Amino acid sequence: MENNDMKSAGNFEKILRAGHFAFTGELGPPRGANVDIIKKKAAPLKGMVDAVNITDNQRAMARMASWATALVVMNEGVEPVYQMVCRDRNRLAMQADVIGAYALGLKNMLCISGDHQQFGDHPNAKGVF
């Protein structure tokens, strides 16, 4: 039985449900707060991809929040896939982020464990999972 409440109603979902090949890209948030960097990265993707995956602290390095980057990308006309890494969040933080992302209009989400923190710039940070 399908739960209609779980549908995103986004273009990316429509492509996948129809069984079509989806072409996606990836956009890594900046290590600072410069939104213009995101806009510059999103520009060549507009109209070229069905969705773009917004990484979350990729390479285990602190970057702009993936939900914030996803909002900028969405406002630039590119459908984002908001990525959430459980490495950095406990259950309460994950639930809060999911609710907040939904409230802000983010339709697609990818939850993953993330790169091990030993590979990043804070190798002694403790994973939360």
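## Surface and charge

The chain exposes about 8100 Å², and carbon and sulfur atoms supply 56% of it; accessible areas come from the Shrake-Rupley method with a 1.4 Å probe, and for residues only the protein chains shown count as cover. This is a predicted model, in which local features need pLDDT of at least 70 and side-chain atom pairs count only at pLDDT 80 or more, while totals for chains, interfaces and linings use all residues. Residues are numbered from 1 along each chain as its sequence is written, and side-chain values use heavy atoms, with hydrogens and water left out.

The chain has 15 positive and 13 negative charges, whose mean positions are 3 Å apart. Lys and Arg count as positive and Asp and Glu as negative, without His and the chain ends; the place of a charge is NZ of Lys, CZ of Arg, CG of Asp or CD of Glu.

## Overall fold

The chain contains 4 helices and 4 strands, in the order α-β-α-β-α-β-α-β from the N terminus on. Helices (H or I, at least four residues) and strands (E, at least two) are DSSP runs, numbered from the N terminus.

Of the 129 residues, 39% are buried (under 20% relative accessible area; exposed is over 50%, partly exposed in between, with a 1.4 Å probe and protein chains only). The C-alpha trace spans about 45 × 40 × 25 Å along its principal axes.

## Salt bridges

The structure holds 5 salt bridges, each a side-chain nitrogen of Lys or Arg within 4 Å of a carboxyl oxygen of Asp or Glu. One of them joins Asp121 and Arg31, at 2.3 Å from N to O. This pair links distant parts of the chain, 90 residues apart: Asp121 is in the segment after β4, and Arg31 is in the loop between β1 (24-27) and α2 (35-42). Asp121 is partly exposed at 33%, and Arg31 is partly exposed at 48%.

Another salt bridge pairs Arg89 with Asp97 at 2.6 Å, N to O. Salt bridges with shared partners join Asp56, Arg89 and Asp97 into one network. Arg89 is buried at 11%, whereas Asp97 is partly exposed at 23%.

## Positive phi angles

Most residues other than glycine have a negative phi. Ala60 is not a glycine, yet its phi is positive, about 60 degrees. Ala60 sits in the loop between β2 (51-54) and α3 (66-75) and is buried at 10% relative accessibility.

Phe129, also not a glycine, has a positive phi of about 50 degrees. Phe129 lies in the segment after β4 (109-112) and is exposed, with a relative accessible area of 52%.
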